[in-house]
Amino acid sequence: MNIDNGQAPVGLSISRKTYEYALHEDPHLSLAPPSENGETLLTRGRFRYFHYGCDGHQDAGWGCGYRTLQTAISWIINKRSDADQHVPSIREIQNILISLGDKPASFEGSRGWIGTLEEFYVIDVLFQLPCKILHTKDFCSQEVLSQIRSYFVEYEGFIPMGGISDTASKGIAGWHRTQTGEVYLLIVDPHCSDVPSYKQQLIDQGFVRWMHTSEFQTSTYNLCLILQQ
């Protein structure tokens with residue numbers, strides 16, 4: 001697989017999309033921190049909340065990696081203020097991975113999952129952005145949580161993540177430490193299959209929520225730290 005030249009595959013174009021309903025922007029900003037006097041770091045720069053079926057493509061049960069990637073790409077585009085770049089569809093993401101040689105031709109139109117590494121490949125091709133893959137078997141270790149904090153301090157970005165046994169892809173849009181040292185991560189979960197009428201609905205249903213680190217499964221995780229200033 002060759003992604004070193006930083007160019008999109010020949011013949012690839014990402015089309016402008018028209019969605020049946022407006023996708024919510026920055027739902028994480030409607031959520032209060034878990035404690036009043038702790039340290040809170042959040043994603044800065046607008047992103048849209050992509051979720052199951054939001055573009056008419058029925059992907060419930062297998063498309064969470066694509067939706068997390070789409071949310072991350074919307075953040076990158078908004079940070080760049082580039083109206084000429086668009087968020088790729090699931091089919092367009094599949095075609096990128098096929099063009100790179102990462103997936104066979106039969107992957108197009110399939111229900112094949114993608115993970116954090118595939119998300120990195122797509123970001124690299126479309127935006128020529130460096131990313132750091134944080135691979136950990138001990139997600140709740142102080143070393144890993146410190147790296148996540150440092151990322152939010154420097155980049156204030158959006159972190160796609162996925163696990164081996166915890167296969168539910170999700171994004172991290174915030175970090176919070178209480179005065180007693182407990183750490184929470186602000187999770188943006190794409191598994192909503194309804195049409196959310198308002199941002200608070202996403203919070204009430206738990207698709208945008210603070211998770212204590214003890215709630216994460218004992219799993220190997222990959223996090224994609226997008227180094228977009």
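Which helices and which strand each supply at least two residues of the lining of the largest pocket? I looked this up in a predicted model, in which local features need pLDDT of at least 70, side-chain atom pairs count only at pLDDT 80 or more, and totals for chains, interfaces and linings use all residues. Residues are numbered from 1 along each chain as its sequence is written, and side-chain values use heavy atoms, without hydrogens and water.

**Largest pocket.** I found that helix H1 (64-80), helix H3 (116-127) and strand E3 (159-163) each supply at least two lining residues. Helices (H or I, at least four residues) and strands (E, at least two) are DSSP runs numbered from the N terminus. A pocket is an open set of points on a 1 Å grid over the protein atoms alone, where a 1.4 Å probe fits, with protein on both sides within 12 Å along at least five of seven lines; lining residues have an atom within 4 Å of a point. I noted a volume of about 220 Å³, that is, the space filled by probe spheres set on the points, which are joined across faces, edges and corners. Of the 16 lining residues, Ile114, Gly115, Thr116, Gly162 and Gly163 lie nearest the centre. By class I recorded 7 nonpolar, 8 polar and 1 charged residues; Ala, Val, Leu, Ile, Met, Phe, Trp, Tyr, Cys and Pro count as nonpolar, Asp, Glu, Lys and Arg as charged, and the others, Gly among them, as polar.

**Second largest pocket.** I noted about 180 Å³ of space here. The lining includes Arg16, Lys17, Glu25, Arg46 and Arg48, and its classes are 3 nonpolar, 4 polar and 5 charged.
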